[in-house]
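Hi everyone, thanks for coming.

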Amino acid sequence: MNDILDKLNPAQKEAVETISGPVLILAGPGSGKTRVITHRIAYLIKVCKVNPRHILAVTFTNKASREMQERLSQLASSVAGSITMGTFHAICARILRADGTAIGVEAGFVIYDQDDQISLVKRAMQELNLDPKQHSPSAVLNQISTAKCQTFGPKDYIKRGRSYFEEVVGRVYERYQERLKSSNALDFDDLLMRTVELFRAHKAILERYQTRYVHVMVDEFQDTNLVQYELVKMISAKYRNLCVVGDPDQSIYSWRSADLRNILNFEKDYPEAKTILLGQNYRSSKTILDAASAVISTNKQRKPKELWTENDQGAPVTLAETYNEQEEAQFVVNEIEKLVSRQEAKLRDVAVMYRTNAQSRALEEAFIRYGTPYKLVAGTRFYERKEVKDVIAYMRLIQNPADDISLMRVINVPQRGIGERTVADLSIWAKPLGLSLYDALREISGQIAGDSQKVLFSPRTTKLLVDFFKMVEELKSRSQSSKLVDFFDRVVDSTGFREYILASPDGEDRWDNVMELRGVVKDYNELPPGEALSSLLEGVTLVSDVDSLKESTDTVTLITLHQAKGLEFPIVFIVGMEEGILPHIRSFDDPAQMEEERRLCYVGITRAKSRVYLVRAFRRNMMGGSNVNAPSRFLKDIPAALTTGSRPWKTEEKRIFQKEYEWAASPVTSEDESLPELQAGDAVRHAQFGEGVIIGAHPVRNDVEAIVAFKGIGVKKLLLSFAHLEKVE
DNA sequence: CGAAAGGCTCTTTTT
DNA sequence: GAGCCTTTCG
C-alpha cells in the first residue's frame, strides 16, 4: 500500500496525506499536480478505506478527467470507476437531470452553446425592438453571462442596473431567460447558476449531495468563477473536506469570469485551511524554468513563490526573427525537420503554440506544403462546423420539439423555400398563443385537415411548412424505435442533407465531417433509443477539442496557448511573439489584462521539457493589410544568458531596412541549383499569382522548392510538384 | 417572397 | 478574409 506514498517528495506526500479539513495546494508548473491528485484519491480509497462513492473530483476538461481515471485505475484498479469525476458543467448537468424538476427544469432539457446563445439574444432583442447595431448582441450576451457567473438572475440584475446599457441588458436578459425556459433549454452558465439555485431553494436536495460527497477536490482552482466556488462551498459545507489545487500564475480565463480572488477568499473562508506549496518542477530544464520565471516575475499582482528543479541546465531558449508569417511558418517546419532528422525528437514531441486561432493558417499551409504531418486542435472547432451543427440541430429538434433555436436553424436547410419572412410571420403568430414554433406548425397542419378559414400563408407556403412538419414527425417516430446510427442515417437522408452538402463548395470535406459525426454517434449505439439520443446530444455540447486530442499518432500538434494548459511537450514553439499578438492588442489599456497575457506566455513556456523556440515576424498580414509589429515585451524579460539566436530589439531597425530592401528589389541571385526544366532567371506564369521570375531553388524531401518573385505580389516559395509553373518566353 | 450577389465591418482566448 | 447584412434579381 505504501507504493502510493513511495515515489512522492515531502510536499507531495503532505498533500496526499492531509485528507481532512480544507487544503489549498499551490502547484507550480510541472510539479506533479496530477500525480498528487490521483495519489490522494487512491490514498483515500485504499488506505483510509473511504467508499469511492463519497469522492467528488472536479476537473477543467473532460480529457483531464479521463486521464485521471486512467492513472487512478493503475493505482486502485477496481474502484476507480465509482467516484464522481468530471467538469463543473458535466456534473451540474447530471445533477439537474436528476433533481432539476424541483425548480422547474425538465429532465429532457437541451444545452445551448455559444452559437445558440447568440441566436437567442438576437431573437430576444428583435422581440424588444432593439437595434443590434446599437447594442452588439455579443456584448449583451457577455453581460448576461457575467451576471450568471455571479448568480444574478434577471431581477437581481435589473435592480442593480445603473447605466442605460445595463437597463437594456436587463430587459434582454429577462426575455432571454423566458425564451430559454419555453424552449426547454439551458445555456452553459445556467448549468452552474441553476444548480446553485436548486441547492438554495431545496435544502433537502443539497443535503443529499452534501452527505454523499464527503471528500471534494477541485483542480485548476485558479480558473474557477464565483458560481463554481459557491457550488463547491455548498456541497462541501457539511464535512469541510475540501481540497483545491491551483496556480495563480496560470490563471488565464478571467474573460470567462474566472476570478483569482477565489484563491484569496479560500484562505479567508477557511481560516483553518492548510496551504501546501509544490515548488519542485520535474518537467522542464533549468533554463526553461528560469526563462519562464523571468517572464512571470514582472507581474505586480502576484505572490512570488519559489520554484526549483533538479533537472539539467539544458539547451538555451532559441529566439528567432523572420520576415513575415509565411517565413515564420517555414522556419518552424524546417526546424522540426532538422530535429527529426537528427533524431532529437519525433513529430509527436513537438507542439506549436499561438495566441489566436487565425495564426494557425500560415502554419498549416507550410506543414501541408512540406508534407509534415500535423494535427490542429482548434481552428473551426469540430462541433461548431456548420454542417455538424445543422445535423445536431435536427436531432435536437426531434428530441425536444420546443427548441425554437434549432428549428429556426434547420427549417430551411437545405433550402426548401421557407424564407426569413415566413419564419418571422410564423413566430409572430405563435407568440401570443404561447406556442412553440413546432407546435405552431402542428396547428397549421391540423387546420389544413380541418379546413379552417383562417389563412395565414399562401397555399404554396403552407404546403412547404406542412411538408416540413410531416418529415420531422416521421423522423420523430423513427427515433423511438431505431438504433441511433440508423436514425442518424435516416435524418441525413430524408432531410436531403447529404445531396445538399455534397453539392456545396468543399462538399467532400464537409461530408467527411458529417461522417466523422456519424462515428461519434456509433459510440452511443448500444444504449436504448431514447436515452442514446439525449446522451449523445449532451456529449457533443460539453466536449471540447482538447478532449479528443489523441497521443497515438506521430504528428506535430498545433494548439492555442489557452488549450495547451495542462499539457506538456518535449519541444515547444511559440510563434507570434509580437506586440499586439502576444500580448494581444486588446490588453494594452488594462494592466490586469496585460498581466494575464504574461501568464499566458508563462503557461506556454512551462509546457516544454527540453527545448523552447520563441519566434516572431516583422510583418504580419492581418485583415487584408500588413502590419509591422515590434517584438513582444516578454522577449526582453528573458536574460540574454538563457537565449541563443538574435536579440531582435537591438538589430531591428537594421533588419527591417535590409529585409524590406531585399524584398522590394527581388534581385535575381545565383544561389540556385538548376531545375529539371526551369532555372533561375526564367520567367514563369502561375495560375493564381500571375507572372514572375524564378529567383532560386533547392531540393526538399523528394521535391524541389522554387523561390519565385511575382509581379505586384511578392516572393513566394512553391513546391514544383504542386505549383504547376508554366514557362514564359 | 426567396435566393444570389455585392458591400460592410471587425477580428482573443472557450466550458 | 469571413461572416453578416443589405440590395438586387428572378
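A bit of bookkeeping. Residues are numbered from 1 along each chain as its sequence is written, and chains are lettered from A and ligands numbered from 1 in the order in which they are written. This is a predicted model, where local features need pLDDT of at least 70, side-chain atom pairs count only at pLDDT 80 or more, and totals for chains, interfaces and linings use all residues, while side-chain values use heavy atoms, with hydrogens and water left out.

So how confident is the predictor? pLDDT is its confidence in each residue, from 0 to 100. For chain A the mean pLDDT is 85, and 86% of the residues reach 70 or more. Over residues 663-676, though, the pLDDT is below 50, and in the model this stretch has 21 contacts beyond near neighbours in sequence. A contact, by the way, means heavy atoms within 4.5 Å.

Now the overall build. Chain A has 30 helices and 24 strands. Those are DSSP runs, numbered from the N terminus: helices are H or I with at least four residues, strands are E with at least two. Of the 729 residues in chain A, 54% are buried. Buried means under 20% relative accessible area, exposed means over 50%, and partly exposed is in between, using a 1.4 Å probe and protein chains only. And if you take the contacts in chain A with a separation of 6 or more, 74% come from residues 24 or more positions apart.

Let's go to the first sheet region. Two strands pair if DSSP finds at least two bridges between them. Strand E2 (residues 55-59) and E6 run parallel, joined by 4 bridges, and Leu-56 stands opposite Val-216 in E6. E6 also pairs with strand E7 (residues 242-246), again in the parallel sense, over 3 bridges. There, Val-218 has Val-244 in E7 as its bridge partner.

Which way do the side chains of strand E6 (residues 215-218) point? His-215 and Met-217 go one way, Val-216 and Val-218 go the other way, and all are buried.

Back in strand E2 we find Thr-59, which is buried at 3% relative accessible area. Leaving out residues up to four places away in sequence, Thr-59 touches several residues, including Met-68, Phe-88 and Asp-219.

Inside, strand E11 (residues 317-322) and E16 share 5 bridges in the parallel sense, and the bridge partner of Thr-318 in E16 is Tyr-613.

Keep an eye on Tyr-613, because the rings come next, and Tyr-613 is buried at 3% relative accessible area. A pair of aromatic rings is described by the distance of the centres and the angle of the planes. Rings of Phe, Tyr and Trp (its six-membered ring) pair if their centres lie within 6.5 Å; planes under 30 degrees apart count as stacked, over 60 as edge-to-face and the rest as tilted. The whole structure has 13 aromatic pairs.

Why is the pair of Phe-331 and Tyr-613 edge-to-face? Because the ring centres are 6.4 Å apart and the planes sit at 70°. Phe-331 is in helix H15 (residues 325-341) and Tyr-613 is in strand E16 (residues 608-617), so this pair links parts of the chain 282 residues apart.

Tyr-613 has another partner: Phe-573 and Tyr-613 are stacked, 4.3 Å centre to centre with 5° between the planes. Phe-573 lies in strand E15 (residues 569-574) and Tyr-613 in E16, so the pair ties together parts 40 residues apart in sequence. Phe-573 is buried too, at 0% relative accessibility.

Last stop: charges over rings. That counts if NZ of Lys or CZ of Arg is within 6 Å of the ring centre and within 35 degrees of the ring normal. The charged end of Arg-97 sits over the ring of Phe-109, 3.9 Å from its centre, and Lys-565 lies over the face of Phe-60, at 3.7 Å from the ring centre.

Technical notes
pLDDT = per-residue confidence, 0-100.
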